[in-house]
Amino acid sequence: MAKSKKYDINKLTLEEKILLLTGVNEWKTYSANGKVPQIVVSDGPNGLQMFDDDNNRKSATAMPALSLVAQTWDKELAYLDGETIANDAIENGADILLAPGVNIKRTPLNGRNFEYFSEDPMLSGVLAREFIKGVQDRGVGTSLKHFCANNREKGRRVQTSEIDERTLNEIYYRPFEIALEAKPWTVMCAYNPVNGVYASENKKLLKGVLRDKLGFDGLIVSDWASVQNPYKSIKATIDLIMPYNELTLDSVKEALAKGNISMEEIDYCVENVLNLVEKVQNSTPKMNYNKEQRHQNAVKIAKAGITLLKNEDNILPLKDGGKYLVVGDLSETPLGGLGSAYVQTDYVQEPVAKLLAEKLPKSEVGYDRAACACASWAGSNRIKLEYAKRVYTEAYEKDAVIVFVSGDTESESFDRSHIKLKKEYEEVIRNLARYNENIIVVINATSAIDMQDWIDDVKAVVIEGFAGEATNEAISSILAGETNPSGKLAESFPYDLEDTFTGDDTGNGLVEWYNDGIFVGYRYYEKYGIDVLFPFGHGLSYSEFKYDNLSIEQTGECDFTVSYDITNVSNVDGAEVSQVYVKDVFSMVIRPEKELKGFEKTFIKAGETKRVSVKLDFRSFAYYNTALDKWHVENGAFTVLVGASSADIKLTGKININLDDSTQQSQALVGR
Ligand code: BGC
């Protein structure tokens, strides 16, 4: 722990020191009687959520949720997202942004999945790292959260996540480890206990892993009101208890008197606070986007993240000159993040029907706003019937119908109770499909949806996610063919909840046993041969791409450059996300069928070929060996798989790793 150069710990009284370890209110740190400048922290992951003195939310740019940023698979856009939110933070005087969240999407039920990136640790970590760079390069700090294993909302303040060491290292620590490369100023702990001890009191987790093993040297902040025993949290190296916790002063004083905490332990955290204050003071935040540009950044990210899952008969993009009907009020007022990720924007979105009519001037675009809402009415059957007759007659007369739907509510504090669309939406889709064979479904949800009951009745499915204030602009642009979709799923879409490892089991209220181990997401479906509706990494384009000429060049003992050509064989310019997976062919331990180890998003003009290169290193081949207590690469054969998704492998190559004998354990060839 380096000593702060600017603020002398010796000038503080014991009381001031202790009070520095908790806020003065929800969002501000303590001033130690004017000796230490205060820091202002503020949410959140999809835009700034900040409150004025009357506790009203200030207006900010509502950016796409991180789950949609993940679907861009684009490092530059993750950076741009961070930069854009930092601009709002600077404009409103926030020193530290409480984002990004990098927890793994272990179950599609998790109410906070929209705040997280992916089911894959590498994709999550890399995009979080770029997001952090984007924010911090503007001079604003970040808070990488929630360390660790915060994967569902149900029981989030009580239920312990019980996880073995290897799984923690390979799946749950890993995204943090990668994101830490960007040196976030702070890390926030999780609400939940991990292996029986609250994350906020878990010294092994915070000091042993986060600081000593993963090398984090910044400030650890508690999640809001996650601290029960202040002195225990400070012993575990929580430096800042947020918000103001009235127990802190007495708890720490008493513990000190009884010898339950030492002055060194207190000073350690105080220095971390002083160092952070110094960092904030030394930083000169700089905005680089005006309000309109921030909005345009949101649109750019949304367009790149919206994901086309199905497009039978190339029904999309819509052809100009057609007769179309837009159905459902979500096409006017789309859903967005809730809880601490709610953003108050003053941007007024135009309805999709209006935007489509502008983009397709020769077309006739009708709109039935009440369609979905009406289906859920407990109102009179006569009204329902009149409505039904109207909308289905309209649908019958059109060339295609675009229907906007959503699933169960997604929010912080509770989970989804199922992964289907809302009942009334399913009903509307099936009914519309009776009168029109060209149904296009746009889903306003951020995690996997079970589509079994209707997917065969529709021509196209698009995931618009939570795209913030850019939603309607971005989705209309894609539907109208102005933008070529290039998003790909950052999580697998199973057929139904029962196919997920966790199913509807949410733990017993006290313990959730992560006995899926390292087999999370596609690692699980592939290991156990379970078919999915849409695989991890899947997403369609209006272009068509061809992969060939794989070469793998060895550049070091464990370093390789994987290169391949992608040709856009269509007549539409587009971007392709190519994914590089690695499979360990023979191993002393059980391993996933394959794991994502690199990816690239490449814009390729119609008819053009681009050579893409992805680097692999030690970590691309290593697993976490619990006997050695470190990452370990076992000599032998590995397969490199280059795919358009985890299930659409285009090219494969073989490599052999021959590290020095001294690094190897006794070998046995264990088949699987
Ligand atoms: C959330 C955090 C958030 C904090 C402050 C907590 O309830 O879990 O993610 O940053 O509140 O709003």
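Where does L510 lie? In this predicted model, L510 is found in the loop between β15 (493-494) and β16 (511-513). Its relative accessibility is 60%, and because exposed means over 50%, L510 counts as exposed. L510 also belongs to a nonpolar patch on the surface, together with V511 and W513. The accessible area of these three residues together is about 340 Å².

S161 is located in strand β4 (residues 160-162). Its relative accessibility is 4%, and because buried means under 20%, S161 counts as buried. The side chain of S161 reaches the backbone oxygen of A149 at 2.9 Å.

The next residue belongs to a helix. R434 is part of helix α15, made up of residues 423-435. With a relative accessible area of 60%, R434 is exposed. Its side chain makes a polar contact with the side chain of N431, at 2.6 Å. R434 and Y342 are 92 residues apart along the chain, and their C-alpha atoms are separated by 38 Å.

The backbone deserves attention as well. Most residues other than glycine have a negative phi, and most peptide bonds are trans. Against this background, several places in the model may be examined in turn.

Consider the peptide bonds to begin with. A99 and P100 are joined by a cis peptide bond, with omega at about 5 degrees. P100 is situated in the loop between β2 (96-97) and α4 (121-136). Another cis peptide bond joins K145 and H146, where omega is about -5 degrees. H146 lies in strand β3, which spans residues 141-147.

Consider now the phi angles. N195 is not a glycine, although its phi is positive, at about 50 degrees. This residue lies in the loop between β6 (193-194) and β7 (197-198), and at 36% relative accessibility N195 counts as partly exposed. A225, likewise a residue other than glycine, has a positive phi near 65 degrees. The place of A225 is the loop between β8 (219-221) and α8 (230-235). A225 is partly exposed, with a relative accessible area of 49%.

Conventions: Residues numbered from 1 in each chain as written. Predicted model: local features only at pLDDT ≥ 70, side-chain atom pairs only at ≥ 80, totals over all residues. Heavy atoms only, no water. Helix = DSSP H or I, 4+ residues; strand = E, 2+ residues; numbered from the N terminus. Buried < 20%, exposed > 50% of the residue type's maximum accessible area, 1.4 Å probe, protein only. Polar contact = N/O pair within 3.5 Å; in protein donor to acceptor, adjacent residues only side chain to side chain. Patch = residues over 30% accessible without salt bridge, like charges linked within 9 Å, V, L, I, M, F, W, Y side chains within 5 Å. Areas by Shrake-Rupley, 256 points an atom, 1.4 Å probe, with all protein chains shown as cover. Salt bridge = Lys/Arg side-chain N within 4 Å of Asp/Glu carboxyl O.
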